[in-house]
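Have a look at it with me before reading on.

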Amino acid sequence: MSTQQQQPETQEAPEDPEMKGAESPVDEKEKEGGDIDQQTTPEPELEGETVHIKVFRYDPEVEGKQEPRFDDFHVPFKKGMTVLDAVMYARDTYDSSLTFRHSCRQAVCGSDAFFVNGKQRLGCKTQIADLEQPIRIEPLPHQEVVKDLVVDMDHFYDQMHTVEPYFQNEDTPDASDLEEQRQSRENREKVKMSTRCIWCGACMSSCNIAAGDNEYLGPAAINKAYKFAMDDREPEDVKEHRLRILEQEHGVWRCQTQFSCTEVCPKDIPLTEHIQELKREAVKKNLKFW
Amino acid sequence: MYEHDVIVVGAGGAGLRAAVAADEAGADVALVSKLHPVRSHTGAAEGGINAALQEGDDWELHAYDTMKGSDYLGDAPAVETLAQDAPEDTMRLEHWGMPFSREEDGTVSQRPFGGLSYPRTTYAGAETGHHLLHTMYEQVVKRGIEVYDEWYVMDLAVTDEDDPNDRECHGVVAYDVQSGKIEGFKANRGVVLAAGGPGQAFDHTTNAVSCTGDGHAMAYRAGVPLEDMEFIQFHPTSLPSTGVLISEGVRGEGGILYNNEGERFMFEYGYANNSGELASRDVVARAELTEVNEGRGVKDEYVHLDMRHLGEERIMDRLENILHLAEDFEGVDGLIEPMPVKPGQHYAMGGIETDENGQTCIDGLYAAGECACVSVHGGNRLGGNALPELIVFGKRAGYQAAGKDLGEPEIQTGYGDDVEDETETELPVQPGAAGLDTSDSVAADGGVTADAEGVLEQTVERTRQRVDRLMDKDDGVQHSEIRQKLQNAMTDYVNVFRTEDGIKKALRIIRECREEYQDVYVDDPSRTFNTDLQQTIETRNLIDVAETIALGALVRNEFRGAHWRQENQVRDDENWLKHTLISWDDGEPKIFYRPVILEGEDKTYEPKERSY
């Protein structure tokens, strides 16, 4: 991972639509049998339409891909098709080296956050029909590109781990006498949205502050801390400990309420609100802050 | 080479729980997973965790429901262990901060689920698996357990004694997806396989693309029998276009199924006169397909699931996630219109044969979670029983691998005196690797290896050679072609309704896939994040696993649980109160049977007619 490149951060990224081998579909890759919807010819008649996608390509060790470029693919459109469907089709039909993370296909594993037409989105829940064509599909900005649409997530994970992302209460009793902790419905409701985070990294990638301050905890990690800090099952002293972590130099006070994280969050988590609420909590606790 | 006491392969619910247990037992444990833990498919589980928590409920009722649901193919020691341990292990999750839904008095919420005699499905919205997965990962972070994420385990380092019962497992070989390097992981005490299900053997599935049966295939080729593989659960409510799961929780809360004539067919046509929509999953899935086959399906493909009458408030409180899924993946607003649903492959009841402590017949090799078959689910898994299985048997496998004494198991494993050989069924083709010339094939991965000394090193070397062969080959067939062909064959012929002819067709196609795989190649020349290579290896695993599913389906000529056979549409207790076991046996699948254990701690579960 030593030769990674910072990817272009704007839509004015270098582009070469005539890149070899990518423009037109190849007949020999046509597949047999099966699901009619996905198995038609490369010049599909299906609903008469194709979708034009331009996909960012980069591989540090393959000649011709060391310089970032865009490849064009034309994939047959079908109703309900998502960005993930389109890149999977392109990979399985035209170019098996096209690389991206994906797993669940239902917006819960958080693997496939891409930069689509200039916005961080989950590939699997972004409808092709809602996008202007050609659709530009790039890796998440502000993270190192490993290959094609795959970015290095290590920094994101490190920030998540910084906030001690685990429940802390008095010693968990022995198995035999586990008494159920009570929690009010109101309190559960309060943390509900914060628990939905799928660690996709879209928020962190969209955040100007995170882009300029590599140590900034970032919206996802702060939201993770919010989940615990607001949960009444954790004792008061733990909450104070959490606020101390959050009000450090690169914590909540860095947020300038631009709402970009909230705008891109695929799980609709009100990240900016959560950050502001933690600021207020920190003030209320009369803690020293930066 | 890396070295730890315990290596856990896979970091979903079972793997994370196993790692925490092994850590508690004092072992140096590491998780090795092809995905970062929070990407695991446990996160997609929606419904809940069955556990007898309340006054008035009882673990014995849970055990009884589970045994009935299994169509009397669950082993009583496993079923009772699940029911006994589930309450405590669920409370443990609560203490670890899992955000369960709550009642007015602040206790955790439970709801009715199919096949349950008491509303004991403990839930956290309609995203229980997501919360379980993240809560368990938090505990792994807290304990500082080492995680090797995006390392794809490709092989087990197992000794090569003739009898698999004499073999030992000394570690695993894994491929670092980011860098392409292949390294050995030595396990001083044990390896726990928690690699998830094989849903990608089918075309229409609720499972993630990562669910490729890797654990099954590695254990199988190392000599561990796969058990009851023919029992595949088809979930009654998956979205038609994508296979995305709509939780049973919708029906648990009162959702109703209608055919194209607006009839509530579960009652109207007598599929389940008492439980209706909340009959066991196999019953509902067959009912839906029968409606479609008899012309009462919507667009000849699906039925409707209606939850509008529950009201917005209740839906938002308990099923909000379902609204998002229906909207995002089917373009349907569940508040104002019914949702289209049809059966989709969802879960494998069978898997790597283990005892109730997670131990396989190979010393040092354990399995837990969906990839294992303990067996608690037998012929059909009840909704809400997968998550407790992950935490109960993940925990036990972790303890056992770390060396904690869990007592003598009652369930036997491996080929032994208590098994019966399969002698009757004629196979349409030679299954397995037999008859293929693998001497210089890219598909060859050798047999299991040498003696304990150096077994890991040799396995590493063999894996490197195998990868080099795949990478060096310039043309041939691509994995995606073979995989799609395999998936279509399984969905066409080894689905909800099965016939002898259909299954034989599937076996022939699987054989073709195996032959085509001899010529497979990896087009992407890069060692960096080569998913082409990874998927090529996964496809081989899918072929092996799909073949065991089809073989099991062919030999079991009866109708039990999720397995329906046209030629014998009754449950045949006289001949079939036994598990199907298939072992690789040097490339030639060997089929044998072991009697089911219906004797529990202090009672025997007498098979009864299963009606809902």
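Below are my entries, grouped by topic.

**Entry: the model and chain A**

I noted at the start that this is a predicted model. I looked up chain A and found nine helices and eight strands. Of its 290 residues, 60% are buried. I also checked the contacts in chain A with a separation of 6 or more: residues 24 or more positions apart account for 68% of them.

**Entry: where the two chains meet**

The area buried between chain B and chain A comes to about 6100 Å², with carbon and sulfur atoms giving 45% of it. I then asked which three residues of chain B supply more than any other three, and they are B:Arg39, B:His95 and B:Arg102, with 13% of the area that chain B buries against chain A.

I found twelve salt bridges between chain B and chain A, along with 45 residue pairs in polar contact, both residues at pLDDT 80 or more. I picked out one salt bridge by name: the side chains of A:Arg185 and B:Glu104 meet at 3.7 Å, N to O.

**Entry: aromatic rings**

I found 20 aromatic pairs over all chains. In one of them, A:Tyr157 and A:Trp199 have ring centres 6.2 Å apart and planes at 40°, so I logged the pair as tilted. A:Tyr157 sits in helix α2 (residues 154-162) of chain A, and A:Trp199 in the loop between α3 (185-192) and α4 (202-206) of chain A, so the pair ties together parts 42 residues apart in sequence. Both A:Tyr157 and A:Trp199 are buried.

B:Phe202 is in the loop between β9 (182-193) and α5 (214-222) of chain B, whereas B:Phe234 is in strand β11 (residues 232-238) of chain B, so parts 32 residues apart in sequence are tied together. These two are buried as well.

I also traced one aromatic cluster made of A:Phe156, A:Tyr157, A:Trp199 and B:Tyr137. Then I checked for charges over rings. B:Arg296 lies over the face of B:Tyr269, at 3.8 Å from the ring centre, and B:Lys404 lies over that of B:Tyr399, at 3.9 Å.

Is B:Glu547 buried or exposed? I found it buried, at 1% relative accessibility. B:Glu547 belongs to helix α15 of chain B, and a polar atom of its side chain lies 2.8 Å from the backbone nitrogen of B:Gly432. Not counting residues up to four places away in sequence, B:Glu547 touches B:Pro431, B:Leu507 and B:Arg514, among others. B:Pro589 is 42 residues away from B:Glu547 in sequence and 9.3 Å away in space, C-alpha to C-alpha.

B:His235 is in strand β11 of chain B and is buried, at 0% relative accessibility. Its side chain reaches the backbone nitrogen of B:Thr237 at 3.0 Å.

**Entry: salt bridges**

I got 78 salt bridges over all chains. A:Glu138 and A:Arg136 form one at 3.6 Å, N to O, and both are buried. A:Arg244 and A:Glu240 form another at 3.6 Å, N to O; they lie four residues apart in helix α7 (residues 236-246) of chain A, about one turn of the helix. A:Arg244 is partly exposed, with a relative accessible area of 43%.

My last item was a network of salt bridges whose members include B:Asp71, B:Arg286, B:Glu558 and B:Arg610.

How values were computed. Residues numbered from 1 in each chain as written. Chains lettered and ligands numbered in written order. Predicted model: local features only at pLDDT ≥ 70, side-chain atom pairs only at ≥ 80, totals over all residues. Heavy atoms only, no water. Phe/Tyr/Trp six-rings, centres within 6.5 Å; stacked < 30°, edge-to-face > 60°. Helix = DSSP H or I, 4+ residues; strand = E, 2+ residues; numbered from the N terminus. Buried < 20%, exposed > 50% of the residue type's maximum accessible area, 1.4 Å probe, protein only. Lys NZ or Arg CZ within 6 Å of the ring centre and 35° of its normal. Buried area = accessible area lost by both parts, 1.4 Å probe. Salt bridge = Lys/Arg side-chain N within 4 Å of Asp/Glu carboxyl O. Polar contact = N/O pair within 3.5 Å; in protein donor to acceptor, adjacent residues only side chain to side chain. Contact = heavy atoms within 4.5 Å.
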